Amino acid sequence: MLNRSDVSLALCIAFVLSLMLVSLGSLAHAADHVVIILDDSGSMNEAMAGNIRKMDAAKRALAKVVEQIPDTTNVGILLLNGARANNHWLVPLGALDKKNATIMVNSIGANGGTPLGEAMRIASDQLLQVRNKSVYGTYRLIVVTDGEASDKALLDQYLPDILSRGLIVDAIGVNMAGNHSLATQVHSYRRADDETALSNAIVEILAESSGDNSGSSDSDFELLNALNDVDAGEILKALAKPNNDPVTGYSARTSAVAPPEPTWVPPPPAVIPTAAQAPEKTGFFEMLFGTFCTCMLPILVAVMIFITVAASGNRKRNR
Amino acid sequence: MVLSKRSILQRVATLAIVGISLVIQLPDPSAAQEKFADLVGPVRVEPVASGTSINVPFILWGGDIATFLANGDLKTKPGSTYQKLGLDMQLQPGDDFVGQVRNYLSGKTPMLRGTMHMLGLAGEVLGQDPRTKPVVILQLSWSAGDHIVARKTIRTLNDMKGKKVACQQGGPHVGLLYDSLSAAGLGRNDVEIVWTKDITGANGPAETFRRDPSIDACCVITPDMIGLTSGLEAEGTGAEGTVAGARVVNSTVQMSRSIADVYAVRRDWYDANKDWVTKFVAGHLKATEQLVAMRKAYSESSKMAKDYEQILSISQRIYGKDVLPTLEGDVHGLLLDCSFVGLPGQIAFFQQKSNASGFDETMSRSIDLATQWKYASVRAGFEPNNFDYKDIAKIGGIEYVEPKAVERFAGNAETTDIFLDDNLDSNTIVSFSINFEPDKTTFSTDRYGPEFLRALKQASQFGNARVVIRGHADPTKTLADLVKAGTAKGVIQQVGQPGNFRYFMGGKPIDLSNTKDIVELVKSGAFGGGTFDPNVTMQAAINLSLSRAEAVKKSLEQYANESKINFDASQIVSVGAGILEPIIPKPRNKEEQKENMRVEFRIVKVDPESLAPSDFNF
């Protein structure tokens, strides 16, 4: 039996996911393409206050979201550890078979590390592959996690590349004491336990400055005053065509120009801190657990196959 | 399309216009425009001479080969379609259109053979006496063998403004030039026309263009087009007689409903001889069907059937072997440059009021040309026939087939992405824009009705080209987000107060010297993530621009339906260009910003081979 706070957390995750999946509308050629990266690391097995596992809350949220996703939205669900046979795709990116997706979501277990970097690369490449066929629509990664990446080096390498492609990256922190390190790097970071903050934080992305509210357009003109037309033209050329090349981390490693050291530390994007709940896991233990899981996996699989076969044999005999 | 000498004929005669006679009578073609009435001179209107054999003019054009086939030869031949219908006629050369008009007025013939534009030029003269007001009885074809070739200074028809163009005075290309300029929203005073005496040869536009580098463009027939550019899709290199940089900017291959070849009959004779006229049309349509079938069989098998060889030989003899040296290349080629319209085309042209390239619209354009370009001082139109085409089909022994809406572009393999890439400009024939308010995708059809009408007319006129509705978004917010992201991440340093900001990168002011570095940083993702991300704003701009294009397409379709204008929906494609190609890359105010918020209509060349094949093109 779930208590109120558990239900609330699940609803919060579902709520924020739903908001992020707002459809573009009825454009004939445009669709929303979303990959949800779900952290199914061992720490998701941990119980939160109320004695409910984080994974159960996440699964409940995801199942609810699956129900509500508009038919025009293409969705993929990628796990950090599970669905290995399908390169971690629990649900491949595409039109959603809601019934099947719900069954798949309910089947998710929690075991292993938090290889976020690799998962984000896989998800991004899939989105870029789709965008290469049709440039229109939104292309979004939503990371639902309760901990830091166990492959931080890869994440640091891939993330700038992913961002340079113009993919939207949103992160949802599940039951974390502090903010995830992605919070200051991606487009939005929400804590899954603050519904008010979530509803206030998500805004429509506008393509053009509009002069009809608070003079925002004028301030944009002022901002650009010092830029000359030729510079603007050249920069626009670089920005105007989306880059759909696979993510390699190459640009981050080899950029001809190193970004200057920040002269000041920018404030993080909208994050409304709330009271800490369960303690955040440490990267070290997560890695250790991941390694353990990886080593044990073949044995576990063998045991599972054995059990499955045995069960199947029992069923046959019972006939 | 076959590019051959046939065009020679075609041009010579073709729409030929006033051509030869104009030429002869214009002492100085480059002088001020002479009225058509002055070219014809004083002619007394007389009744049509009585007699059993009727004089019928023909010109050098593939459509006239159907007339030869129906008649069996110049004189109606026993066993021919016309003979079986009880008609007796003598076909006479009519490439001298002014001469034709004189014969018509004086009653030597009741018929005129020309184009709708040519009738428009002569309309004032022809309509002065109600007896000679023309009734258009038959559309033979649409032309697909006339071109405008230009130097590099002209890439699309929009670039024609202020340019110098060589064109034969009074010839068929006057109509092509008029239609081409109109498509770009330009008029007679927007260009300087260098009139030439002939349509081809030493005194034609091609040679004049070649000799005088100050001339930017010329209106030419196919052989001259090939001589200047080496091909419809090619660009002259300067070698082998071509002109460096010369290429085709418009052609009736794409503008397939510009030049309509027709027969017209005097009003008095039409009323008194309706039965004869009806049989003439029925027999012509019968012959057209036969000819198109023979042409198709030869094109597909490369084996020339005896009956096809026979009609090609008759045509070669009539036009002269010097003009059409070979049957396979020249006479067959002359036919291939001709888009026959057949029986369904008659219904579409004369009776479908919803046809944006129908009789009324085409006549209106012809009269506009005559009056605006001073060939006539008053608007004088002509009349359509009032045939029952079911009767015509019965008389001709052909199947009655009504025109059907066909999605000719539906099988086109090209994706919408090709309308975004760099080749789009080189394939664009003409374009115009509609502007929008910020972040808006809706608009009033009342407000944009004239633009929609223009788009629909152009879609119809450029029947073999794609109409691309291309949405654009303003880049101000993308640039502003880049600055905001850059300053937030410390990539860019901002100094100063609002209205007087200055930007530095690595301690150096941002200018041309380090723009390249910024571009590299953009590509490396240094501006990505956070509240302001120019890449994400750019993607939103792509989506917004598509929304705009689709909204316009939807409204255009709605407007067409409400206005009862036929159009092929498969011809129209909507794409979003995002922040590509802003009119003003860095707007300084809202007015400049609005110039970027636009939707362009582009008429874009496509491979004619990719279109759904059809025996008749109307």
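Helices here are DSSP runs of H or I with at least four residues, numbered from the N terminus. By that rule, A240(A) lies in helix α8 of chain A. Keep in mind as you look around that this is a predicted model.

**Where the two chains meet**

Let's stay with A240(A) for a moment. Its relative accessible area is 5%, so this alanine is buried. What does A240(A) touch, once neighbours within four places in sequence are left aside? The contacts are M538(B), I542(B), I579(B) and L580(B).

The helix around it has a partner too. Two packed helices are described by the angle between their axes and the distance between the axes. For helix α8 (residues 229-240) of chain A and helix α20 (residues 476-488) of chain B, the angle is about 95° and the axes are 11 Å apart. Angles of 65 to 115 degrees count as roughly perpendicular, so α8(A) is roughly perpendicular to α20(B). On the α8(A) side, the residues that meet the other helix are A232(A), I235(A), L236(A) and L239(A). On the α20(B) side, they are T478(B), L479(B) and L482(B).

As for chain A as a whole, its secondary structure comes to 10 helices and 6 strands. Chain A has 319 residues, and 49% of them count as buried. Take the contacts in chain A with a separation of 6 or more: 75% of those are between residues 24 or more positions apart.

Which residues have the most contacts inside the largest nonpolar core? They are I137(B) and F280(B), in a core of 138 residues. Helix α12 (residues 274-301) of chain B gives the most to this core, namely 11 residues. There's another core lying apart from it, with 42 residues, including A480(B), Y503(B), F527(B) and V575(B).

Beyond its neighbours within four places in sequence, F280(B) is in contact with V56(B), Y82(B), L87(B), M89(B), M111(B), I137(B), L138(B) and Y263(B). F280(B) also belongs to a cluster, linked by ring pairs, with Y82(B), Y263(B), W269(B) and W276(B).

**Rings, and charges over rings**

Over all chains, a search of the whole structure turns up 20 aromatic pairs. Here are two of them, both from chain B.

| Pair | Centre to centre | Angle between planes | Kind |
|---|---|---|---|
| F349(B) and F350(B) | 5.0 Å | 90° | edge-to-face |
| F387(B) and Y389(B) | 6.0 Å | 85° | edge-to-face |

Buried means under 20% relative accessible area. Both F387(B) and Y389(B) are buried as well.

The charged end of R113(B) sits over the ring of Y263(B), 5.8 Å from its centre. Likewise, R151(B) lies over the face of F209(B), at 4.0 Å from the ring centre.

**A buried serine in a loop**

One last stop is S357(B), in the loop between α15 (342-351) and α16 (359-372) of chain B. With 1% relative accessibility, S357(B) counts as buried. Which residues does S357(B) touch, not counting those up to four places away in sequence? They are W142(B), R257(B), F349(B), T362(B), S460(B) and Q461(B).

Conventions. Residues numbered from 1 in each chain as written. Chains lettered and ligands numbered in written order. Predicted model: local features only at pLDDT ≥ 70, side-chain atom pairs only at ≥ 80, totals over all residues. Heavy atoms only, no water. Core = buried A, V, L, I, M, F, W, Y, C linked by side-chain atoms within 4.5 Å. Buried < 20%, exposed > 50% of the residue type's maximum accessible area, 1.4 Å probe, protein only. Helix = DSSP H or I, 4+ residues; strand = E, 2+ residues; numbered from the N terminus. Contact = heavy atoms within 4.5 Å. Phe/Tyr/Trp six-rings, centres within 6.5 Å; stacked < 30°, edge-to-face > 60°. Lys NZ or Arg CZ within 6 Å of the ring centre and 35° of its normal. Axes fitted to C-alpha atoms, helices over the stretch in contact; angles between N-to-C directions. Parallel < 35°, antiparallel > 145°, perpendicular 65-115°, else oblique.
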